[in-house]
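The entries below follow the order in which I went through them.

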Amino acid sequence: QVQPVESGGGLVQAGGSLRLSCAASEGTFNGYALGWFRRGSGKERQFVAAATWDGSSTYYADSVKGRFTISRDNAKNTAYLQMNSLKPEDAAVYYCAAKYARGDYADSFYYTNYNYWGKGTQVTVSS
C-alpha cells in the first residue's frame, strides 16, 4: 500500500511552466504504475499522463502531448509532471495516483482504475 502526496502547484501565467512532484508518504512506488489526473472547476476528473512501473513507457492525454512530461525517479520514490506552455484550460486540481503494475499490460491499462490517490495540488493559470 502506498500514499501519494502531491506538491508544486501554484499560480502561473499562460505560457509558463510548473513542475509537480508526487512522493510516497507511505510505502514505496517500486512496482507501481503512476498516473496524473486533473479536475477542473465544474468538470469531471480526466487522465493527464502515466508512466509504467519502471518508467520505460509513458502515456499522455491528447490535450497535453508535447507540453507535459511525466517522469519518475524510483531511487527517490518520486514522480514528476513537468508542465510547459500552460494554458488557462490547464487550470485544475492535479492528482497523483498509483496502482501495482509490475508486468506487461495493454496501453489502456494505464489510463484508468488506479487504487491509491493523493489529495491533489491546485494549478492556476492566469491569462
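**Entry 1: the strand β9**

I started at V93, which stands opposite Q122 in β11. The model is a predicted one, in which local features need pLDDT of at least 70, side-chain atom pairs count only at pLDDT 80 or more, and totals for chains, interfaces and linings use all residues. Residues are numbered from 1 along each chain as its sequence is written, and side-chain values use heavy atoms, with hydrogens and water left out.

I took strands as DSSP runs of E with at least two residues, numbered from the N terminus. I counted two strands as paired if DSSP finds at least two bridges between them. β9 and β11 pair in the antiparallel sense over three bridges. I then found β10 (residues 116–117) joined to β9 by two bridges, also antiparallel, with A97 opposite W117. β4 runs antiparallel to β9, and eight bridges join them; F37 has Y95 as its bridge partner there.

Eight of the nine residues of β9 are buried, so the strand is largely enclosed by the rest of the structure.

**Entry 2: the open sheet**

I next traced an open sheet of four strands, in the order β1-β3-β8-β7, with antiparallel pairing. β1 (3–7) and β7 (68–73) are at the edges with a single partner strand each, so one side of each has no neighbour in the sheet. The twist averages 20° from one strand to the next, where axes are lines fitted to C-alpha atoms and angles run from 0 to 180 degrees between N-to-C directions.

**Entry 3: L18**

I found L18 in strand β3, buried at 15% relative accessibility. For contacts I used heavy atoms within 4.5 Å. Leaving aside neighbours within four places in sequence, L18 is in contact with G8, G10, V12, L81, Q82, M83, L86 and V123.

I looked up N77 in the loop between β7 and β8. Is N77 buried or exposed? N77 is buried, with a relative accessible area of 16%. Its phi is positive, about 60°, although N77 is not a glycine. A polar atom of the N77 side chain lies 3.2 Å from the backbone oxygen of G27. Not counting residues up to four places away in sequence, N77 touches C22, A23, A24, G27, T28, F29 and N30.

I then went to N113, in the loop between β9 and β10. N113 has a positive phi near 60° and is likewise not a glycine. N113 counts as exposed, at 60% relative accessibility.

Note on methods. Buried means under 20% relative accessible area, exposed over 50%, partly exposed in between (1.4 Å probe, protein chains only). A polar contact is a pair of N or O atoms within 3.5 Å; within protein, one must be able to donate a hydrogen and the other to accept it, and residues adjacent in sequence count only if both atoms are side-chain atoms.
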